[in-house]
Amino acid sequence: MATTNPPSPNTSAVPRTGGRGARERILRAAGELFYERGIHATGVAALVESAHVSTRTFYQQFGSKNALVEAYLNRFEADGALESELQLERADLPPAERLIAIFDPLEAMLRGPAAIRGCPFHNAAVEAAGEMPEAARIIERHKRGFLDRLSGVAAEAGVADADSLARQLAVLYEGANALAASCNDPRVVDDARTAATVLLNVALGRAHA
């Protein structure tokens with residue numbers, strides 16, 4: 001799933017409504033505002049304004065802002081998670097190449113016009129620390145799932161210690177994602193990809209430069 005979102009529509013002439021579609025509009029607003037502004041910086045007032053619903057409808061649909069955060073994170077997973085993670089499922093690449101391809105979408109975004117906000121799960125983990133235990137559980141589940149997928153592809157590629165390589169690649173990917181969001185520099189991803197390639201070659205017993 002791409003991590004950039006279209007700009008919010010003009011709300012000045014749109015009436016606030018509930019009923020059918022309200023829940024989806026609130027989730028869509030959360031997808032835009034939580035990612036662009038941050039969870040704590042986005043209040044219920046901004047969410048209902050963007051979703052064109054009343055505050056009453058908001059609480060009827062979700063009960064609390066924390067419940068919306070949980071639904072927001074679950075939506076990412078339901079939609080297939082992040083584009084980089086989806087590289088692990090590509091049928092057109094051999095397993096070893098899929099492990100390195102996780103860096104490609106991140107680099108493409110860095111070379112595009114939009115600012116990089118980083119991984120929405122990582123961002124939410126920082127904001128949820130100690131305050132949103134259910135959101136933290138969803139984030140941990142997702143990240144452990146990513147590790148499992150990396151390990152599975154590494155095993156397909158013939159890596160003997162697939163779990164160890166998966167952890168190493170995850171550290172490089174997560175670090176590159178976070179640093180890219182901070183400095184918006186494509187070289188961060190190039191360096192991470194180079195290091196990942198060295199680790200993969202060592203794990204496969206290949207010579208490397």
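This is a predicted model: local features need pLDDT of at least 70, side-chain atom pairs count only at pLDDT 80 or more; totals for chains, interfaces and linings use all residues.
**Burial, contacts and surface**

- Of the 209 residues in the protein, 44% are buried.
- When contacts between residues at least 6 apart in sequence are considered, 70% of them join residues at least 24 apart.

**The largest nonpolar core**

- The largest nonpolar core has 57 residues, and the members that touch the most others are Phe34, Leu47, Leu68, Leu73, Leu99 and Leu150.
- Leu150, one of these residues, is in contact with Leu88, Leu99, Ile102, Ala166 and Ala170 once its neighbours within four places in sequence are left aside.

**Helix α2 and its surroundings**

- Helix α2 spans residues 44-51, and its buried residues are Val44, Leu47, Val48, Ser50 and Ala51.
- These buried residues line one face of α2, because they fall within an arc of 165 degrees when the helix is seen down its axis.
- In general, an α-helix has 3.6 residues a turn, and therefore residues three or four places apart point the same way.
- The cover over the buried residues of α2 includes α1 (22-37), α3 (55-62) and α4 (65-78).
- Just after α2, His52 adopts a positive phi of about 60 degrees.

Definitions and conventions
Residues are numbered from 1 along each chain as its sequence is written. Side-chain values use heavy atoms; hydrogens and water are left out. Buried means under 20% relative accessible area, exposed over 50%, partly exposed in between (1.4 Å probe, protein chains only). Contact means heavy atoms within 4.5 Å. A nonpolar core is a set of buried Ala, Val, Leu, Ile, Met, Phe, Trp, Tyr and Cys residues joined through side-chain atoms within 4.5 Å. Helices (H or I, at least four residues) and strands (E, at least two) are DSSP runs, numbered from the N terminus. The arc is that of the directions from the helix axis to the C-beta atoms.
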